[in-house]
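Biologist: I'd like to learn how to read a few features off a model. Can you take me through them one by one?

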Amino acid sequence: MDKTNAMRQLDRKKAVYSVHIYEGGALSGTEVAAALGQDPARVFKTLVTVAKSGRHYVFMIPVAAALDLKKAAAAVQEKALSMLPQKELLPLTGYVHGGCSPIGMKKQFPTVLDASAAQYDTICFSAGRIGLQIETSPSVLASVVPLQTAEVTD
């Protein structure tokens, strides 16, 4: 298996993580959790937003949850946020929809992990390619990306 940018960055930090492989292409987050036999509350999706200020922010939330844009804006001290249009994801991050990882983007953006992650020793999230998920602890993730936690779901 070829390493993704996310895996290479974790390797550079000598971080402990595991990789899970699933079949089926670009699945919904809950389908990915089911394919991996994981609790959907432990599997996180990576969402990219744009603020009225023009700044970009990354949010990691459980796959079955919805991002509350008002809570998210408050967490990053912005007046308002909107979801980044899908066509802008690849040029901005280097990742495709369904394979976006918070680690290894073209440019590192402030990242907010939903507070629900604190109840788990490890969480899963995209490894940067459809079909691959990384499992690691929130503290390892915080050692690789500028991370804050906040309650940002409905």
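Biologist: Let me start with a side chain: is glutamate 135 buried or exposed?

Modeller: First, the ground rules: this is a predicted model, where local features need pLDDT of at least 70 and side-chain atom pairs count only at pLDDT 80 or more, while totals for chains, interfaces and linings use all residues. Residues are numbered from 1 along each chain as its sequence is written, and side-chain values use heavy atoms, with hydrogens and water left out. Now the term: buried means under 20% relative accessible area, exposed means over 50%, and partly exposed lies in between (1.4 Å probe, protein chains only). Glutamate 135 has a relative accessible area of 16%, so we call it buried.

Biologist: Which residue does glutamate 135 meet in a salt bridge?

Modeller: For a salt bridge we want a side-chain nitrogen of Lys or Arg within 4 Å of a carboxyl oxygen of Asp or Glu. Here the partner is arginine 42, at 2.7 Å from N to O. The two come from distant parts of the chain, 93 residues apart: glutamate 135 sits in strand E7, and arginine 42 in the loop between helix H2 (29–36) and strand E2 (44–51). Those labels are DSSP runs numbered from the N terminus: helices are H or I with at least four residues, strands are E with at least two. Arginine 42 is buried too, at 16% relative accessibility.

Biologist: How many salt bridges does a search of the whole structure find?

Modeller: Four. One of them joins arginine 55 and glutamate 78, with the closest N and O atoms 2.9 Å apart. In that pair arginine 55 is exposed at 51%, whereas glutamate 78 is buried at 13%. Another links aspartate 11 to lysine 3 at 2.8 Å; aspartate 11 is partly exposed at 34%, and so is lysine 3, at 39%.

Biologist: Back to E7. Which strands does E7 pair with?

Modeller: Two strands pair if DSSP finds at least two bridges between them. E7 (residues 132–136) pairs antiparallel with E1 (residues 18–21) over four bridges, and four bridges also join it, again antiparallel, to E6 (residues 123–126). To find your place, look for isoleucine 21 with its bridge partner leucine 132, and for phenylalanine 125 opposite isoleucine 134. E6 and E7 form a hairpin with five residues between them, and glycine 128 in the turn has a positive phi of about 100°.

Biologist: What is the strand order in the sheet?

Modeller: E1-E7-E6, an open sheet of three strands. E1 and E6 are at the edges with a single partner strand each, so one side of each has no neighbour in the sheet. As for E7, five of its five residues are buried: Leu132, Ile134 and Thr136 point one way, Gln133 and Glu135 the other.

Biologist: Which residues of helix H1 are buried?

Modeller: In H1 (residues 5–12), they are Ala6, Met7 and Leu10. They lie on the same side of H1 because they cover an arc of only 95° around the axis (the arc of the directions from the helix axis to the C-beta atoms). The buried residues of H1 pack against E1, E7 and helix H5 (138–144), judged by contact, meaning heavy atoms within 4.5 Å.

Biologist: Last one: how many disulfides does the count give?

Modeller: A disulfide is a pair of cysteine sulfur atoms within 2.5 Å, and by that rule the count is zero. The sulfur of cysteine 100 is 16 Å from the closest cysteine sulfur, in cysteine 124, too far for a bond.
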